[in-house]
Amino acid sequence: MPLVKADGYGHGMVDCARVFAEQGAAAFGVAEAREGVLLRAAGITQPILVLVGVISDTLRTIVEAGLTPVVTDAAVLPELSRVAGACRTEVGLHIKLDAGMGRQGVLPAEFIDTVQAIRRLPHLRIDGIMAHFPMSDDRQSDNTVLVLDMFLKTTGSSADYGLDRCCLHLANSGGLFYVAGARLDMVRPGIALYGYYPDGADGRKNAVSPLLQPAMRFVTRIIQVRTLEAGRSLGYSHLFTTTRPSRIAVLPVGYEDGYLRVLSNRAQVLIHGQRVPVVGRISMNLTLVDVTDLGRKVHPGEEVVLLGSQGEEEITADEIADWMQTISYEVLCLFGNLNARTMVE
Ligand SMILES: *Cc1c(COP(=O)(O)O)cnc(C)c1O
C-alpha cells in the first residue's frame, strides 16, 4: 500500500498513484478523505485507506466515494453504520490499534470491545487491523520489537472473533527495511517510494545496492549576475559581506517557495555541475549565490539545481534536511508542494 498523502510527499499524488497502480499497488494510503476523493476522480479503483481517522463531517464523503475508513475511536461507529445504511452499502473498515505509537488509535485493552462493537452494528465489516511504528527508522531501538509483539499479541485472538481473513499491516519504510517479521499481510512504504531512506543519509550509507534513487529535482534559473567589489554587504540584515571581488548570481527562489530562511548563508546549490554557496539572507522571493569560484563565467538563464543532481554532483534532500535541522520528508513536501511540478518519465 503506497502512501501518497501530502500530495505524494510533494511529488504529485495522482501522478504517483497512477505509477504505483501500474506497478501493482494493492491499495493506497492517504491522510484525509478529500485526498481519497481526488484519487477516485482520477480513476484509481483500489481500496483507499483514510489513515488519520474519521470524523463525522467526512463520513458521508468516505462512504459515497467508496473509501476505507480507518477507525481510531469507537465513538464514531454508530454514525458510520447509519451513513452506510443510508447509502445502502456495507463499509469495510480498518481498525487502528495504538500498539505503542502513543498518538492515535484503539488501545490494546479496548481492542476486543471495539471489535465486538463493530460486529454488533449493521452495514460494517472489519477488513483490516493496523498499527504504526514510532521509531522503526532507528535500527538500534528495542521499541520496534515491542510494538510488533504488542500488535501480534493483541490481534492474535482475532481469529476467535471471525477476523481470520482480515488484513494485518504495520510496516512503514523503516519497518519494511529494518524490522524482521513486520511485513505481515501488507506494507505501507512512503518515503522509500520517493527514493529516500527513513533514517536519512545513514540509511543510504548502510544500505545494500541497488540504492533507492531520489525522484525529485528542484531547479531554477539564474536571473541576474552581478560583479561586486570587496566589502559589499548583501541583502536583508547584511548577513554576508564580500571579502574579495565577487560574482554573485541572483536566483528567483525564496522562502515562499519552501527554500526556507534557515538556509541563509548555509545551503549550497549546483551550477555547471559544481557546488556554490548561498550567501546572505534568503528572502521571500530571492536568493543570492557566490559564483566567483566557478571556472567558467555564468550567465542569466543557466540552470541552478537546488535539490538533485547536475553533472557528477548531487544535493540530496537528506543534506538539505541537515542544513534545515529536519528530515527529508519535510524538504520534499515543502519543495514539491509549493512549486510548479513537471513529471518526467
Ligand atoms: C505516512 C505513513 C506511513 C509511511 O511512512 P514512511 O516512513 O514514509 O514509509 C505508513 N503508515 C502510516 C500510518 C503513515 O501515516
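Author: Gladly, and please keep in mind that this is a predicted model. Let us start with Cys-333, whose closest cysteine sulfur, in Cys-16, lies 11 Å away, too far for a bond.

Reader: Why is Cys-333 called partly exposed?

Author: Buried means under 20% relative accessible area and exposed means over 50%. Cys-333 has 24%, which lies between those cut-offs, so Cys-333 counts as partly exposed. Cys-87 also has a relative accessible area of 24% and is therefore partly exposed.

Reader: And what is the relative accessibility of Gly-85, and how is Gly-85 classed?

Author: Gly-85 has 23%, so the label is partly exposed here too. Gly-85 sits in helix α5, which covers residues 77-86.

Reader: Let us turn to Arg-204. Why is no salt bridge assigned to Arg-204?

Author: The nearest side chain of opposite charge is Asp-318, at 4.4 Å. A salt bridge has to fall within 4 Å, so this pair does not qualify, and Arg-204 is buried without one.

Reader: What does the side chain of Arg-204 reach, then?

Author: It reaches the backbone oxygen of Gly-195 at 2.7 Å. The cut-off for a polar contact is 3.5 Å, so that distance falls inside it. Arg-204 belongs to helix α9, residues 200-206. Beyond its neighbours within four places in sequence, Arg-204 is in contact with several residues, including Tyr-196, Leu-211, Pro-214 and Asp-318.

Reader: How do you know that β2 and β3 pair?

Author: Pairing takes at least two bridges. Strand β2 (residues 48-50) and strand β3 (residues 68-71) have two bridges, in the parallel sense, so they meet the requirement. Leu-49 stands opposite Thr-68 of β3.

Reader: Which sheet of seven strands do you find, and in what order?

Author: The sheet is open, with parallel pairing, and runs β1-β2-β3-β4-β5-β6-β7. What makes β1 (28-30) and β7 (186-187) edge strands is that each pairs on one side only.

Reader: How many helices and strands does the chain have?

Author: The chain has eleven helices and 17 strands. Buried residues make up 49% of its 345 residues.

Conventions: Residues are numbered from 1 along each chain as its sequence is written. This is a predicted model: local features need pLDDT of at least 70, side-chain atom pairs count only at pLDDT 80 or more; totals for chains, interfaces and linings use all residues. Side-chain values use heavy atoms; hydrogens and water are left out. Helices (H or I, at least four residues) and strands (E, at least two) are DSSP runs, numbered from the N terminus. Buried means under 20% relative accessible area, exposed over 50%, partly exposed in between (1.4 Å probe, protein chains only). Lys and Arg count as positive and Asp and Glu as negative; His and the chain ends are not counted. A polar contact is a pair of N or O atoms within 3.5 Å; within protein, one must be able to donate a hydrogen and the other to accept it, and residues adjacent in sequence count only if both atoms are side-chain atoms. Contact means heavy atoms within 4.5 Å. A disulfide is a pair of cysteine sulfur atoms within 2.5 Å.
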